[in-house]
Amino acid sequence: MRTLILGGTAEARQLAHIASGERGFEIVSSLAGRVRDPRLPEGSVRIGGFGGVAGLREWLGDNGIDAVIDATHPFAGTISANAAAAVRDSGIPLVHVRRPGWTEAPGDRWIRVPDLAAAANALPELGERVFLTIGRQGVGAFAGLTDRWFLIRAIDPPETELPPNHEVLLARGPFTVDEESRLLARHRIDVLVTKDSGGDRTYAKLAAARAAELPVVMVDRPPLPAGAEIVETVAEAWEWLRAKASGLR
């Protein structure tokens, strides 16, 4: 069972680890290459884009792929859509692994917005010192806010236009609630902007914001393609893959 895992997440690495240790499965993990020092999964790894839908469709055929697992970040909407389009007429099964999004807890002050542009538009009413935790891509959406100060946290330096008043903090999580609370206090943050990534690894900032009674601008996930088959956990994805392999025997 030759399987392409569209990866870059902890779930993708866990799935590659499980499947690579099982007889009858050959795993190729694909990373977009946007992080300079990515955490590599077990098994074969390719890094870089495919060249859109046509390029991915050709690659799948040329490499004899039997199944595709989209375990990319919940905000990697382009590759998820491309994967769905690439397999549509090929008969290659595809499943999307999506961890549940975050839900508000008592004391949270969330403002949900559909995209980064809406997040930037919401800030003038919420605060002047902004903790921006959306990764390095998309930071340019806030470049026009000249009257706000931004603490921009990312794994790698942003390569786009930045707001004029900012500090870039390069760090890779997970972080503890105490660490996040100290960070908010040290930089006198009064509003947090983040994406609804879900999971435990980066939840601490939300708990810290709740404790500090800070508003949180929460950017909603892009929708998956219509009719997408979705599982929430690595265990469910592994069961899906085993079932597809049984169908090939």
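**Exercise 1. Find how many aromatic pairs the whole structure holds, then work out what one of them ties together.**

*Solution.* Start with the rule: rings of Phe, Tyr and Trp (its six-membered ring) pair if their centres lie within 6.5 Å; planes under 30 degrees apart count as stacked, over 60 as edge-to-face and the rest as tilted. Searching the whole structure with that rule turns up four aromatic pairs. One of them joins F25 and W238, at 5.0 Å centre to centre with 55° between the planes, so it's tilted.

F25 sits in the loop between α1 (10–20) and β2 (26–31), while W238 belongs to helix α7 (residues 234–248), so the pair ties together parts 213 residues apart in sequence. (Helices, H or I of at least four residues, and strands, E of at least two, are DSSP runs numbered from the N terminus.)

Last, check burial: buried means under 20% relative accessible area, exposed over 50%, partly exposed in between (1.4 Å probe, protein chains only). F25 comes out at 13%, so it's buried, and W238 is buried too, at 10%.

A note on the source: this is a predicted model, where local features need pLDDT of at least 70 and side-chain atom pairs count only at pLDDT 80 or more, while totals for chains, interfaces and linings use all residues. Residues are numbered from 1 along each chain as its sequence is written, and side-chain values use heavy atoms, leaving out hydrogens and water.

**Exercise 2. Sort residues of helix α5 into buried and exposed, and say what covers the buried ones.**

*Solution.* First, the buried ones: α5 (residues 177–186) has E180, L183 and L184 buried. They cover an arc of only 100° around the axis (using directions from the helix axis to the C-beta atoms), which puts them on the same side of α5. Finally, the cover: it includes β7 (129–133), β8 (149–154), β9 (166–170) and α6 (204–211).

**Exercise 3. Which residues have the most contacts inside the largest nonpolar core, and which element gives the most to this core?**

*Solution.* A nonpolar core is a set of buried Ala, Val, Leu, Ile, Met, Phe, Trp, Tyr and Cys residues joined through side-chain atoms within 4.5 Å. The largest has 20 residues, and I5, L15, I69 and L241 have the most contacts inside it. Two or more residues each come from α1, β4 (67–70), β5 (94–97) and α7. The top giver is α7, with six residues. There's also a second, separate core of 18 residues, including I134, L145, V217 and V219.

Conventions. Contact = heavy atoms within 4.5 Å.
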